[in-house]
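Student: I have a new structure open on my screen and would like to learn how to read it. Could we go through some of its features together?

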Amino acid sequence: MPGILTDSVRSQIDEIELDSSRPLVICDADEVLFEFVRSLEHYLDTRDHYLDLQSFAITGNIKHKETKVPFPASGMKDLLADFFATSTRDMSPVPGAAEALAALARHAQIIILTNMPEEHREDRLAALERHNMSYPVVANDGAKGAAAAALSERTGDPVFFLDDLPPNISSVRRGVPHATIIHFIGDIRLAKLLGPAPDCDHRIDDWVEAQRVIEETIARARG
Ligand SMILES: [Mg+2]
């Protein structure tokens, strides 16, 4: 589902200056711009747990270091909230992301559309700034299609969307049917656990290649 546009997301989008004639790159943050899984592993290490990447999932794969007992699904919401509260500012960037976005910003507007608690938006902005990725951030909750549609209505074509999670990709496919969608998974171990999302146009896990495809698509659109 493309989802619904919440008041919070609408007002965040309203605050962004958008150019109706420029192409748009909508980019996820966790596991596309930031090393989410590695950061989560550091966090878990300090709390006697570890991530046993048996499948493309966090829930069920977090285990106690000694007992190997899986962390309960019922506690995941609180655990992730605490992780974002303590770790958002210190997450390390995916290699090549800042350089690729800087190059793409010459041809397109870059917007970061991230699913995270809005109270940590300032931390995310600080981490992005520290790693030379100061672009507008929209803190979203759930399906991303409605937010992507609202952004694309106010910009030019082509529109690009990058994300690691197939449900987000399906949502944007419905919300912005003409978008060029890149399924991108920054962590090599995670990337091996999942094939291309059914609704993506390209599966690319490397920023040099993603930049090339986006630049070629923009050049083709310009004729
Ligand atoms: Mg992500």
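Tutor: Gladly! Buried means under 20% relative accessible area, exposed over 50%, and partly exposed in between, using a 1.4 Å probe and protein chains only. Keep in mind that this is a predicted model: local features need pLDDT of at least 70, side-chain atom pairs count only at pLDDT 80 or more, and totals for chains, interfaces and linings use all residues. Residues are numbered from 1 along each chain as its sequence is written, and side-chain values use heavy atoms, with hydrogens and water left out.

Student: Which residues coordinate the magnesium ion?

Tutor: First, the idea: donors are N, O and S atoms within 2.8 Å of the metal (3.2 Å for Na, K and Ca), and water is not among the atoms, so sites may look incomplete. Here the magnesium ion is held by Asp 28 (OD), Asp 30 (O) and Asp 164 (OD), at 2.0 to 2.2 Å. Along the sequence, these donor residues follow the spacing D-x1-D-x133-D. Asp 30 sits in the loop between S1 and H2, and Asp 164 in the loop between strand S6 (159-163) and helix H7 (166-175), so the pair ties together parts that are 134 residues apart in sequence. Asp 164 counts as buried too, at 7% relative accessibility. As for the labels, helices (H or I, at least four residues) and strands (E, at least two) are DSSP runs, numbered from the N terminus.

Student: How many salt bridges does the structure hold?

Tutor: The general idea is that side chains of opposite charge can pair when their charged atoms come close. The rule used here asks for a side-chain nitrogen of Lys or Arg within 4 Å of a carboxyl oxygen of Asp or Glu. The structure holds 16 such salt bridges. One of them joins Asp 30 to Arg 124, with the closest N and O atoms 2.7 Å apart. Asp 30 lies in the loop between strand S1 (24-27) and helix H2 (36-45), and Arg 124 in helix H5 (residues 121-130), so the pair ties together parts that are 94 residues apart in sequence. Both Asp 30 and Arg 124 are buried.

Student: What does the domain assignment of the chain give?

Tutor: Domain bounds come from an automatic or database domain assignment. For this chain, the assignment gives domain 1 (7-35 + 93-222) and domain 2 (36-90). Their centres, taken over C-alpha atoms, are separated by 25 Å. The contact, meaning heavy atoms within 4.5 Å, takes 23 residues from domain 1 and 15 residues from domain 2.

Student: How much area do domain 1 and domain 2 bury between them?

Tutor: Buried area is the accessible area (1.4 Å probe) that two parts lose on being put together, summed over both. For domain 1 and domain 2 this comes to about 1,700 Å², with 61% of it on carbon and sulfur atoms. On the side of domain 1, Glu 35, Asp 123 and Arg 189 lose the most area to domain 2, together 32% of what that side buries. Across this interface the rule finds 4 salt bridges.

Student: Where is Asp 205 placed?

Tutor: Asp 205 is in the loop between strand S8 (202-203) and H9, and it counts as partly exposed at 32% relative accessibility. Setting aside neighbours within four places in sequence, Asp 205 is in contact with His 183, Phe 184, Ile 185 and Ala 191. Asp 205 and Val 32 are 173 residues apart in sequence and 8.5 Å apart in space, C-alpha to C-alpha.
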